[in-house]
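Colleague: Please take a close look at a single part and describe it for someone new to this structure.

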Amino acid sequence: MRTESRSTRELALWLRSQRQRSGMTYAQLAAQTGFSASSLSRAASGERLPSSTVVEAFAQGCGGDPRKAAALWRRARYTAYKKAADDEGTVAMLPDYIRNFAQLHAAALELYRRAGSPPLRQLEATGVGRYGGLPRSSVSRLLRGQAIPSKDLLIAFVRACSVTDGVETGVWEGAWERANQAAVYERALRRGVSSGDLGEQLRSNLRIAEQRLKELTGARAVHVKQRAEILAEYRAFADSRPRPARDGRSILDASLENDANVSRRRELLQQLTAADSATSTVQREIDEIAERLAVLRERLTAEGAVDATPVRSRRSK
């Protein structure tokens with residue numbers, strides 16, 4: 001995988017720093033790892049993304065942190081996928097903003113790519129314990145958007161993709177619950193009531209739509225607040241300047257720190273784009289439900305049923 005990404009350069013810089021600190025030559029490192037000196041040298045050149053096994057062996061051979069190496073490699077691998085998605089104009093929905101299962105499937109695929117796109121067999125072996133197993137067939141359907149996952153399957157999946165913090169898994173649980181809530185709403189509207197009385201069916205659908213409108217209006221307010229918080233942090237990073245190498249900090253350490261700041265600014269910009277997309281999606285659904293409510297009230301009036309007071313919603317500026 002050929003790339004000139006900043007994250008690949010960051011990985012290469014880190015590998016070179018580990019070898020320099022160990023004091024080993026590439027020949028000595030080759031004897032230690034079982035990979036050729038030329039393969040190890042290419043891995044640290046930054047010209048091409050090396051395999052994860054080479055990176056892991058390189059780090060361990062130098063006495064470096066293999067978890068740090070794995071994290072840097074996953075980020076570099078993900079950059080290539082992200083660039084392709086950006087070229088296609090695709091915006092991934094963050095878990096905080098997910099409102100339906102289509103968005104949940106897309107976000108799960110994004111998470112999988114961030115994890116380095118591990119083989120499904122590896123995920124299956126990882127997904128054990130509290131949240132149950134991860135059958136390859138189920139994960140494949142999740143990533144392809146071919147089936148609605150259970151909440152337990154989703155949480156097992158995100159944990160297997162190294163999202164193990166309780167707060168983060170809680171975000172994914174919330175995403176699943178919102179998606180399921182939207183699905184329940186759609187099923188309720190299609191099902192109606194069993195009495196066959198048209199007036200009662202209309203009133204039932206009116207209540208369901210009004211409740212859904214209330215939920216979405218609250219969600220829109222949350223998205224607007226989150227966007228303001230992200231924008232404030234982005235502006236703070238955008239105003240920052242690279243720190244020079246001084247006070248004992250090496251040029252390499254300064255470069256890595258500055259690269260990390262640039263990566264954070266880009267991440268925040270992506271979050272702003274996702275927040276805008278989420279707000280627009282919620283607003284479209286609000287508009288659709290408002291139109292549906294108007295039609296329901298007209299039909300209730302025509303049927304001589306009790307007319308409900310419209311639930312009004314103002315578009316956020």
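Modeller: Ala57 counts as buried because its relative accessibility is 14%, where buried means under 20% relative accessible area, exposed over 50% and partly exposed in between, for a 1.4 Å probe and protein chains only. This is a predicted model, in which local features need pLDDT of at least 70 and side-chain atom pairs count only at pLDDT 80 or more, while totals for chains, interfaces and linings use all residues. Residues are numbered from 1 along each chain as its sequence is written, and side-chain values use heavy atoms, with hydrogens and water left out.

Ala57 sits in helix 4; helices are DSSP runs of H or I with at least four residues, strands are runs of E with at least two, and both are numbered from the N terminus. Leaving aside residues up to four places away in sequence, Ala57 touches Thr33 and Phe35, a contact being heavy atoms within 4.5 Å. Gly34 is 23 residues from Ala57 in sequence, and their C-alpha atoms are 8.4 Å apart.

Helix 4 (52-61) also supplies at least two residues of the lining of the second largest pocket, as do helix 5 (66-87), helix 7 (120-126) and helix 9 (151-160). A pocket is an open set of points on a 1 Å grid over the protein atoms alone, where a 1.4 Å probe fits, with protein on both sides within 12 Å along at least five of seven lines; lining residues have an atom within 4 Å of a point. The lining numbers 20 residues, with Ala70, Arg74, Ala115, Pro118 and Gln122 nearest the centre. Helix 5 gives the largest share, six residues.
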